[in-house]
Amino acid sequence: MTTGVEPTLEGARVRLRPLTEADYLGIFRWYNDAEIVAPFDRFEVDTWESFVTAVESAPGDPRSVAPRWIVEERTDGRTLGFVGYYSPHPILEYLDVWYVVGDREQRGRGYGTEAVRLLIDHLFQRETVERVGATCDVDNAPSYKLLERLKLRREGRLNRALFHHGAWHDVFVYGTTRGEWTGTAARG
Ligand SMILES: CC(C)(COP(=O)(O)OP(=O)(O)OC[C@H]1O[C@@H](n2cnc3c(N)ncnc32)[C@H](O)[C@@H]1OP(=O)(O)O)[C@@H](O)C(=O)NCCC(=O)NCCS
């Protein structure tokens, strides 16, 4: 699996670019705000040092769940959120993507969908994997609707796989194959 510095990815309205030091504080604030990043997820407060270490070591580590790209508005360079991917399984060869629109005012405008589309395009171009997926809490409608808008398939449900907010939660598994994705690349 390829590792190294991530490229900048240009979409119609958003740009995905690697983090620079100037981004760290803003992203750290969002990252440590459970209401922003984890309404349906496990949450742990990160220290500044471990956050910086995680971000800076992510490009060399396919298993890292640290943010890998800033999502910014192309016209004015405003930071909208951040995205990443990771190799979730020790044997199976696929990648899972994750995504946060940190600026809540900017949700519901298609930015998240475009960012994830760019990310999956890039992963299929650069990596040899045949499948890219994502998981989300079964109650995380904004997340699974985004995945369904991109035509990822709901492949299953993992019962009681995620503990957050004091309880066990079920998780949907979504995925798309290289053939499905590239065969339908013109999706809106
Ligand atoms: C999940 C998340 C990233 C979605 O991001 P988002 O930018 O709000 O998603 P989008 O704007 O692309 O899609 C949301 C809505 O915008 C609408 N939309 C899509 N394109 C649009 C456009 N060009 N203009 C206006 N609205 C648009 C969609 O129809 C959708 O509406 P619907 O949910 O009623 O169908 C965001 O809610 C978030 O950060 N959540 C917290 C973190 C999280 O849970 N991440 C996922 C972990 S698994």
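Guide: Gladly. Let us begin with burial: a residue is buried if 20 or more other C-beta atoms lie within 10 Å of its own, exposed if 12 or fewer, and partly exposed in between. By that count, buried residues make up 28% of the 188 residues in the protein. Please keep in mind that this is a predicted model.

Visitor: Why is Arg117 called buried?

Guide: Arg117 has 22 other C-beta atoms within 10 Å, and the cut-off for a buried residue is 20 or more. Arg117 is therefore buried. You will find Arg117 in helix α4.

Visitor: Why does Lys151 count as exposed?

Guide: The limit for exposed is 12 or fewer neighbours, and Lys151 has 12 C-beta neighbours inside 10 Å, so it counts as exposed. Lys151 sits in the loop between α5 and β7.

Visitor: How do you know which class His165 belongs to?

Guide: His165 has 13 C-beta neighbours inside 10 Å. Exposed needs 12 or fewer and buried needs 20 or more, so His165 counts as partly exposed. This residue is in the loop between β7 and β8 (167-177).

Visitor: What makes the backbone of Lys151 and of His165 worth a look?

Guide: Most residues other than glycine have a negative phi. Lys151, however, has a positive phi, near 70 degrees. In His165, phi is positive too, near 50 degrees.

Visitor: What makes Asp103 partly exposed?

Guide: There are 17 other C-beta atoms within 10 Å of Asp103. That number lies between the limits of 12 and 20, so Asp103 is partly exposed. Asp103 belongs to the loop between β5 and α4. Apart from neighbours within four places in sequence, Asp103 is in contact with Leu80 and Gly81. From Asp103 to Thr182, 79 residues apart along the chain, the C-alpha atoms are separated by 30 Å.

Visitor: Now the whole fold. Which elements does the protein have, and how many?

Guide: There are six helices and eight strands. Read from the N terminus, the order is β-β-α-α-α-β-β-β-α-β-α-β-β-α.

Visitor: Why is the protein called as compact as a globular protein of its length?

Guide: The radius of gyration is 16 Å, and the globule rule gives 16 Å for 188 residues; the two values are close, so the protein is as compact as a globular protein of that length. Along the principal axes, the C-alpha atoms fill a box of roughly 40 × 40 × 35 Å. Among contacts between residues at least 6 apart in sequence, 56% join residues at least 24 apart.

Visitor: What is the strand order in the sheet, and what kind of pairing does it have?

Guide: The sheet is open, with mixed pairing, and its eight strands follow the order β1-β2-β3-β4-β5-β6-β8-β7. β1 (9-10) and β7 (153-164) are at the edges: each has a single partner strand, so one side of each is left without a neighbour in the sheet.

Visitor: Finally, which residues come nearest to the ligand?

Guide: Among the 20 residues around the ligand, Arg107, Gly110, Gly112, Thr113 and Pro142 come nearest. The elements giving two or more residues to this shell are β5 (95-101), α4 (111-126) and α5 (141-149). By class, the shell has eleven nonpolar, six polar and three charged residues.

Terms used:
Residues are numbered from 1 along each chain as its sequence is written. This is a predicted model: local features need pLDDT of at least 70, side-chain atom pairs count only at pLDDT 80 or more; totals for chains, interfaces and linings use all residues. A residue is near a molecule or strand if its C-beta atom, placed from the backbone, lies within 6 Å of it. Helices (H or I, at least four residues) and strands (E, at least two) are DSSP runs, numbered from the N terminus. Ala, Val, Leu, Ile, Met, Phe, Trp, Tyr, Cys and Pro count as nonpolar, Asp, Glu, Lys and Arg as charged, and the others, Gly among them, as polar. The radius of gyration is taken over C-alpha atoms; the globule rule is 2.2 Å times the number of residues to the power 0.38. Two residues are in contact if their C-beta atoms, placed from the backbone, lie within 7 Å. Two strands pair if DSSP finds at least two bridges between them.
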